[in-house]
Amino acid sequence: MRKVYLMTPGPTPVPDRVRRVESQEIIHHRTKEHSAIFGRVSENLRPIFKTENPVLTFTSSGTGAMEGAVANMLSAGDKALVPIAGKFSERWAEICKAYGVKVIPVEVEWGNIAEPPVVKEYLDKDPDIKALLVPLCETSTGTIFPIQEYGEIVREKAGTILVVDAISGLGACDIRNDEWGVDICVSGSQKGLMLPPGLAFASVSNKAWEFAEQSNLPKYYFDWKKARKSWEKADTPYTPAVSLILALDESLKMLNEEGIDKVLARHSMLADATRTAAGALELELLSKYPANSVTAIRVPDGIDGIELKNTLDKKYGVKVAGGQAHLKGKIFRIAHLGYMDKFDVITAISAVELTLKNLGYPVELGNGVRAMEEMFLK
Ligand SMILES: *Cc1c(COP(=O)(O)O)cnc(C)c1O
């Protein structure tokens with residue numbers, strides 16, 4: 001027998017309650033029954049996004065909503081300010097390039113953020129910059145970005161919108177879209193929302209809808225104005241992933257039963273415990289601003305990071321993520337994202353202790369787990 005513990009920052013574990021609903025018989029999407037469910041999920045997404053704006057739902061992975069944000073808001077030759085601070089902030093730049101949008105990169109060391117005064121300076125200098133494209137949680141480095149501060153800056157600029165990739169952040173790291181002045185917030189189903197992959201979301205502000213009127217980039221499947229027209233009738237332009245919509249209905253019930261702020265507090269506690277355990281094992285974090293979705297830990301000297309990740313998986317069934325690009329083999333990432341509680345992170349840290357011991361690293365067994373347990377007692 002082999003039991004597997006999925007501790008990656010997406011896909012994340014799906015609760016039984018949600019999987020049972022997902023396996024129900026398919027219903028047709030042009031029916032009152034589907035419309036009632038789609039209308040309900042559209043409403044129930046709002047408290048999670050902390051917005052009164054429409055939250056559109058698309059059948060695609062999260063990147064589909066990132067691409068849609070660029071294609072619907074910008075025009076060929078427009079300028080976009082993009083901090084390059086990891087794999088996913090890089091993706092914003094790649095999408096812009098694919099659409100002929102000029103990227104103004106802000107180079108940032110991986111594990112760090114684009115400091116708000118730096119962002120402000122760029123925007124003050126060049127009023128032609130149409131969008132600031134950032135992640136909430138940069139998953140490749142486990143870093144939280146200061147969205148509230150960016151919002152204060154961008155709110156003052158009539159010609160600029162703030163677009164946030166909260167694919168791994170939503171439901172784990174606080175994002176108050178309306179209060180903070182976020183214009184577009186995109187997310188995906190397979191992370192904090194506790195669903196299988198296959199749905200993408202975007203909340204869109206009034207300011208952003210005005211940008212959509214000006215946009216001349218090509219779009220078809222991800223035409224947000226078309227999506228909004230259908231959304232107003234609790235419908236979608238094309239066949240949605242019906243089973244995932246049913247499952248979303250259930251996962252949103254779970255999240256709203258717990259209450260979004262309690263969900264965020266749970267993630268904060270699990271992240272804090274994971275960081276504390278890493279400290280107790282004298283392991284170093286990569287990020288200067290660690291996020292509550294995922295913790296990126298440096299592989300200690302003398303240990304092969306690929307072997308560490310493989311041992312965690314093969315010997316203990318604990319699936320963590322490795323490093324991407326130049327961080328491959330240099331870090332490992334433990335997610336505490338979505339359907340997670342205390343014993344999930346205890347399991348992960350216990351497996352890390354055992355694995356390090358197996359690989360001959362001088363680790364005191366139980367130090368990480370003890371540090372977590374002491375925290376949980378308080
Ligand atoms: C997972 C992730 C993505 C990619 O989402 P897909 O669903 O794989 O398209 C984008 N951005 C961030 C920050 C992510 O964590």
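Visitor: How many residues of domain 1 are in contact with domain 2?
Guide: Contact means heavy atoms within 4.5 Å. Here 29 residues of domain 1 touch 33 residues of domain 2. This is a predicted model: local features need pLDDT of at least 70, side-chain atom pairs count only at pLDDT 80 or more, and totals for chains, interfaces and linings use all residues. Residues are numbered from 1 along each chain as its sequence is written, and side-chain values use heavy atoms, with hydrogens and water left out.

Visitor: Where do the domains run?
Guide: Domain bounds come from an automatic or database domain assignment. Domain 1 covers 5–10 + 259–377, and domain 2 covers 16–258. Their centres, taken over C-alpha atoms, are 28 Å apart.

Visitor: What area is buried between domain 1 and domain 2?
Guide: Buried area is the accessible area (1.4 Å probe) that two parts lose on being put together, summed over both. For this pair it is about 2500 Å², and carbon and sulfur atoms give 60% of that. Ile260, Tyr289 and Gln324 supply 22% of the area that domain 1 buries against domain 2, more than any other three residues.

Visitor: How many salt bridges does the rule find across the interface?
Guide: Side chains of opposite charge can pair when their charged atoms come close. The rule asks for a side-chain nitrogen of Lys or Arg within 4 Å of a carboxyl oxygen of Asp or Glu. It finds 3 across the interface of domain 1 and domain 2. Lys288 forms a salt bridge with Glu109, with the closest N and O atoms 3.9 Å apart.

Visitor: Which helix or strand gives the most to the side of domain 1 that touches domain 2?
Guide: Helices (H or I, at least four residues) and strands (E, at least two) are DSSP runs, numbered from the N terminus. Helix H11 (260–280), strand E11 (294–298) and strand E14 (331–335) each supply at least two residues of that side. H11 gives the most, with 7 residues.
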